[in-house]
Amino acid sequence: LLALIALLWQWRSQHHQRAIAAYAEQLQNSEAQLRTLINTMPDAVCLKDGEGRLIEANTVFLRLFGLAEDSYRGKTCRELSGAASFEGSPLAALERSDPATWEQGTRLHDELVIRQADGGERIFELAKVALLAPNGARQALVTVGHEITRRKQAEAELQRHRDHLEETVAARTADLLLAKEAAEAASRAKSTF
């Protein structure tokens with residue numbers, strides 16, 4: 001009877017170990033699929049823990065901020081950019097709206113301008129989401145940055161065209177007003193003559 005119980009116990013233990021191994025493999029596959037999905041996104045994506053340390057980031061984010069794969073995990077933006085040059089770094093600009101996101105406890109939309117080494121700018125529309133525990137403790141902060149540089153350039157170009165058109169219309173109106181006054185003056189002179 002004891003041998004039968006031991007045999008059943010061993011069979012059950014092996015069954016649980018196989019189930020655990022299958023579940024671990026399923027989790028690894030899901031993580032690999034999720035990482036592939038996030039890395040193929042054209043947007044910059046990062047995840048910070050409740051203390052502001054980077055947990056995950058996609059390749060777009062890493063390239064944008066000049067970070068190496070796996071060297072960023074567990075570090076704050078200040079640690080990554082160096083404390084001395086932090087205030088002027090793009091990572092500091094990214095981090096500025098973090099406190100407001102945590103305070104609101106929901107979503108925050110913001111814009112981030114990153115100055116390039118060549119003097120150009122890249123503009124990103126940021127969406128930040130704070131994930132809070134049921135007791136209100138900070139769990140994670142998700143940031144997704146969508147580049148809107150071309151849209152902003154097109155809007156600026158459109159505004160320049162509008163301004164130019166308004167100036168042209170104002171100049172034409174002034175010219176027409178002068179021509180009208182000259183025609184009226186000529187008509188009065190003709191009537192007087």
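Helices (H or I, at least four residues) and strands (E, at least two) are named here as DSSP runs, numbered from the N terminus. The model on screen is predicted, so local features are described at pLDDT of at least 70 and side-chain atom pairs only at pLDDT 80 or more, whereas totals for chains, interfaces and linings use all residues. Residues are numbered from 1 along each chain as its sequence is written, and side-chain values use heavy atoms, with hydrogens and water left out.

**The whole chain**

Colouring by accessibility, with buried meaning under 20% relative accessible area, exposed over 50% and partly exposed in between (1.4 Å probe, protein chains only), marks 24% of the 193 residues as buried. If contacts are drawn (heavy atoms within 4.5 Å), then among those with a separation of 6 or more, 37% join residues 24 or more positions apart.

**Strand E4**

Select next strand E4, residues 121-132, and within this strand Leu131, which counts as partly exposed because its relative accessibility is 37%. Leaving aside neighbours within four places in sequence, Leu131 is in contact with Trp102, Ala137, Arg138, Gln139, Ala140 and Val142. A distance drawn from Leu131 to Thr101, 30 residues away along the chain, gives 9.8 Å between the C-alpha atoms.

Apart from residues up to four places away in sequence, Thr149 touches Glu121, Arg122 and Ile123. Phe124 is 25 residues from Thr149 in sequence, yet their C-alpha atoms are 7.0 Å apart.

**Helix H2 and its rings**

Finish at helix H2, residues 59-65, and show the side chains of Phe61 and Phe65, which lie four residues apart, about one turn of the helix. Both of these residues are buried. Rings of Phe, Tyr and Trp (its six-membered ring) pair if their centres lie within 6.5 Å, with planes under 30 degrees apart counted as stacked, over 60 as edge-to-face and the rest as tilted. One aromatic pair is counted by this rule: the ring centres of Phe61 and Phe65 are 4.7 Å apart and their planes stand at 50°, so the pair is tilted.
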